[in-house]
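User: Hi! Could you walk me through some of the words used for this structure?

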Amino acid sequence: MKKQLLIVSVLACNFFNPNLFSQQKKDSIESLNEVVVTATKFATNKKNVGKIVYKITQETIKKSQGKTVVDLLNDIPGVEINGNFSTKGQNLGYYIRGGRNRQVAILIDGVNVNDPSSFNGDFDLRQIDINQIETIEVLKGASSTLYGSGAATGVINIILKKASNDSFTGTFTTSVGTNSSSENAKFSAEEFTANFNFNGTLNKVDYLLALNTNGSSGLSAAESTTNTPFLEDNFSRQNVLLKVNYAVNNKLKIGILSSYDEFSTDFDGFDFDPVTFASIPADRDNNLKSMQKRLGVNADYSYEKGELKIRTFLTEIDRNQTPNEDFFFGEVYGFDVYNNYKFNNEFSFLVGFTSQFQDMIQRTSFSTIEEGTGKQHFYDPYLSVNYNGANGFNLNAGTRLNMHSEYGNNFVFNVNPSYNFKIAENKMKVFGSYSTAFVTPTLSEIFTKLPSIEELLPEEDITIEAGFDLDLGDKINLNGTYFYREETNKIGFDPTTFQTINDFGTFLAKGFETEISYKASNKLRLLANYTFIERDESLLLKIPQNKFFVKADYNLFSQTFTSVSYRFVDETKDFGNVALASYSLVDFFINHSLLENKVTFYGSVTNLLNENFQEIAGFTTRGRNYNLGLRINL
């Protein structure tokens, strides 16, 4: 507890420092006036949303060339993405508020892209490139009312780039860098990326075409415990994305979105000590190849009192592992139709209906799901009501009925009041919420269980939140949230039967998150955030109890931007009760623009102090590494 008290004291000292208020220029910061989409499914002012929505803006993305989607998400309080500092092919753990991958819904342009054929039912964030993204919004807490299964601890909404009003614009981005551990520093180019992005508007048609490739080598996934280094594990990825919209008139727009993603990665494994049963990292010649094809047809219709949106989607996922010849194939198709109707300036409601049909084939040395036997589907009607009073009182309430082919019906709801008021020139929002969520078992879990195992039920979650969001003038924003979560019917693993089961206990997680941002001048901006999570030790595997992040952005010259960040991640444990020590990372980024911003050079030094640590027991992490890149606006 001393760690979190110390960090909160530091934030408080800075908050009450009168020198912070001495700036004279009226520079704005991301504040309660910002517009977000994810909290209500339609554009809403932050002050009218009864939660904290973190937004990674296009400005942040442009200034963060060289970073990935996962890098930027890892800077948000309450979000811990385990495996991000390891090799590029490492499996990622999405831990939001002490949850797991299956409890996080990932959206692309508002459409859920989680993969029910994977073991965790998640979406691999390596499948999308940062240069294709306009903004990212992160909404934490139970949100199944709007987003269905998986939206138990948070929602990550990735919003793709919008087309330019010009007939043609484009960018070319490329970078090379080192890829070495702290104990084996190398200066050779072992990592590369290249991205082409073309977009524009031709009469009533707008388009976006993005091509991306990247790869890395030089590191072994597992860390050798002897003087003999393991063989390096290579990673490569390619991606093509096409987005086309046609404006029929000023009220109706229809469009298609298609993408093809593939990656290949080598990975290592474990041996087991026959005496202690402890797992020992082992060099393995394993390889995973994954291909994903997505197609969506969309329509947006606006009218005087509201807007109607139609989203359809088809996804195919094909994964192969060698040398075991494990094979996985998944297919998901469905739709989401919703209408937001605005009665007046204060009252609106959203009504929607969504459905998914899921199918998979699985052939492994442990289990098999033959073609046609691994299918499930569901139908979900949902309703959300929004009230934004002129007196500052807001209320969001909603409900969803999940009608599932395997386990029957499931009902969720949320109630989320908030209140806005002013203190002198300062704006403040206080809020609270009570919301429920559910997590559907994956296809693999449902259709590979033994007949003796009881039918799997959906995991059920309850989240209670209370917090505030404060704008101090137009230079400082401070927010904080306390949360309390309960999980029942928790989907777990029985080591005695090697089967997925429901654990019928009640599991708790609670904590708080806080962030402060301060625009000291036109050149300098500071940000700091802190997360504390309290949970049963057995459920905190790989999840740090304390996490602290601070960053300073500074415009060194008019065309030169620099950023330095510090991250502290608390000690935790991995499977087998293996202790993972705490670690601290310092990163430095710089970019410089020429020729009226047509050419930008950028570079970075990550893990500047060459910290030696592990985020997954027995596996390699990256030491001090260097990256140089170039961006050209065509």
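Predicted model: local features only at pLDDT ≥ 70, side-chain atom pairs only at ≥ 80, totals over all residues.

User: Why is Asn84 called buried?

Analyst: Its relative accessible area is 15%. Buried means under 20%, exposed over 50%, and partly exposed in between (1.4 Å probe, protein chains only). Asn84 is therefore buried.

User: What makes the pair Asn84 and Asp71 a polar contact?

Analyst: Their side chains come to 3.0 Å. A polar contact is a pair of N or O atoms within 3.5 Å; within protein, one must be able to donate a hydrogen and the other to accept it, and residues adjacent in sequence count only if both atoms are side-chain atoms.

User: What does Asn84 touch, not counting residues up to four places away in sequence?

Analyst: Contact means heavy atoms within 4.5 Å. The partners of Asn84 are Thr68, Val70, Asp71, Asn74, Leu92 and Glu615.

User: Which residues touch the most other members of the largest nonpolar core?

Analyst: A nonpolar core is a set of buried Ala, Val, Leu, Ile, Met, Phe, Trp, Tyr and Cys residues joined through side-chain atoms within 4.5 Å. Among its 33 residues, they are Leu73, Ile106, Leu125, Ile136, Ile156 and Ile158. Ile136 is also in contact with Tyr54 and Lys55, among others beyond four places in sequence.

Technical notes. Residues numbered from 1 in each chain as written. Heavy atoms only, no water.
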